[in-house]
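Here are my notes on the model you sent. I have kept them to a few points, to be read beside the coordinates.

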Amino acid sequence: MFRLALVVSALASLVCGAAEIGDKLPVLDLKYQLNGPVKFPIETKKDNPDAEKRLLLLEFFGSYWPGSTDMVMILNGLQERYAPQGLKVLAISGEPAKSFEEFAGKHPEIKFTLARDPDYLVSRQTIPGDILLPVAVIANGTGKIVWAGDAGEVPDALTSIYGGTYDESARRKIMPLYSALSAAVRTGSVNEVASVTERMLDLEPTNLAAIQARLFVHESNAELDKGWKFLQRHRERNPKEPLWYALSVSYGARNAEYAAGGVECAQDFLKRFPQAGAEEVTSMAWDLVNGYAYSLPALEAVRTLMKQAPQDSWRAEAVRALLGYRECNLEAAKKHQDNAVKLASAAQVNTAQLEGLRQVAAFFAGLR
């Protein structure tokens with residue numbers, strides 16, 4: 001999850017709960033909209049020795065959140081990737097029925113379970129502390145909550161849990177800091193946010209909520225140089241963490257004065273992570289081809305990244321199409337664009353996500 005919704009995370013509604021990591025899940029009294037009800041029996045280890053290995057991911061969101069469309073793509077991917085290990089994905093919103101049903105109707109491609117939580121009753125019992133929506137909770141087959149945090153952290157959390165590297169004790173220590181972070185963001189104090197985020201990053205060097213909050217306060221206060229230096233300091237501290245390279249590229253795409261530095265980070269990423277995953281390379285290439293349109297080194301980095309991207313991904317094909325248009329290779333661009341639309345339609349993805357690509361295509365068609 002490299003593409004960040006900074007402003008949204010800072011302005012989203014707060015949901016305050018009483019649960020903590022280690023507590024039991026409440027009864028999931030929900031109104032199921034798609035693919036429900038979720039089948040996730042709660043068992044003891046005596047009844048099922050593998051109960052702790054089964055996981056239920058609950059993501060609490062609102063369809064009004066601009067990132068909700070990306071959320072659908074991400075959760076579909078997680079459901080598909082971890083289904084063999086027994087993962088169940090459940091997305092929950094407490095919004096009014098009308099807007100919720102409209103959201104469900106726009107996304108027939110949803111493969112996970114979608115449910116509504118009237119008056120946020122389940123949400124208030126489940127979400128630990130004071131965390132900004134969208135937020136996620138992971139429970140195991142015994143009903144124990146084993147992880148909670150910003151929704152953007154979920155892919156990394158699942159990787160660590162299934163990979164056997166997850167540190168539950170460190171996560172318990174960081175949870176109270178979410179409340180402190182929320183309070184600091186509400187005050188608008190850069191110093192307070194910086195203090196809390198550094199404490200969080202000492203415990204978890206890639207904590208997305210801390211990073212989002214820090215970048216938000218720097219960018220919203222026109223402290224762009226401080227935001228860039230923050231990213232580079234932590235990238236140098238954590239050279240084996242791909243996230244810091246991707247965040248630097250994204251920062252350069254948003255703030256043109258750091259574009260050259262962003263391209264350098266992309267080039268360094270390519271050297272350090274030649275076997276990076278498809279989602280990582282596609283997301284970085286997307287930022288480069290959109291935010292660095294007139295940089296030859298950036299386009300060269302995109303070409304290299306796309307060699308590692310899949311051929312059957314509509315998003316990767318959209319990147320290849322945009323690259324073709326940027327390089328005025330209109331024949332190749334049109335071929336990749338048509339394939340992106342075909343793949344998106346086959347996957348039942350809302351093709352409105354390709355509108356930017358259509359606008360670029362229309363521009364170049366007008367020049368012919």
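Is Tyr-258 buried or exposed?

1. Tyr-258 is buried: its relative accessible area is 13%, and the cut-off for buried is under 20%. Keep in mind that this is a predicted model.

2. Trp-228 is buried too, with a relative accessible area of 13%. The aromatic pairs number nine. Trp-228 and Tyr-258 make a stacked pair, with centres 5.4 Å apart and planes at 25 degrees. This pair joins distant parts of the chain, 30 residues apart: Trp-228 sits in helix α9, Tyr-258 in the loop between α10 and α11. Ring pairs also bring in Tyr-251, giving a cluster of Trp-228, Tyr-251 and Tyr-258.

3. Phe-269 and Phe-273 form a tilted pair, 5.2 Å centre to centre with 40 degrees between the planes. Both residues are buried.

4. Two arginines lie over ring faces. Arg-54 is over Phe-40, 4.7 Å from the ring centre. Arg-315 is over Trp-286, at 5.6 Å.

5. The open sheet has six strands, ordered β2-β5-β4-β3-β7-β8, with mixed pairing. β2 and β8 are at the edges with a single partner strand each, so one side of each lacks a neighbour in the sheet. On average, neighbouring strands are turned by 25 degrees, direction ignored. β4 and β5 pair in the parallel sense over four bridges. Ser-93 stands opposite Arg-116 of β5.

6. Helix α2 has 15 residues, so at 1.5 Å a residue it should span 21 Å; its end C-alpha atoms are 21 Å apart, in agreement. Its buried residues include Met-71, Leu-75, Leu-78 and Tyr-82. Among the elements covering the buried residues of α2 are β3, β4, α3 and α5.

How values were computed: Residues numbered from 1 in each chain as written. Predicted model: local features only at pLDDT ≥ 70, side-chain atom pairs only at ≥ 80, totals over all residues. Heavy atoms only, no water. Helix = DSSP H or I, 4+ residues; strand = E, 2+ residues; numbered from the N terminus. Expected span 1.5 Å × (residues − 1). Buried < 20%, exposed > 50% of the residue type's maximum accessible area, 1.4 Å probe, protein only. Contact = heavy atoms within 4.5 Å. Pairing = 2+ DSSP bridges. Axes fitted to C-alpha atoms, helices over the stretch in contact; angles between N-to-C directions. Phe/Tyr/Trp six-rings, centres within 6.5 Å; stacked < 30°, edge-to-face > 60°. Lys NZ or Arg CZ within 6 Å of the ring centre and 35° of its normal.
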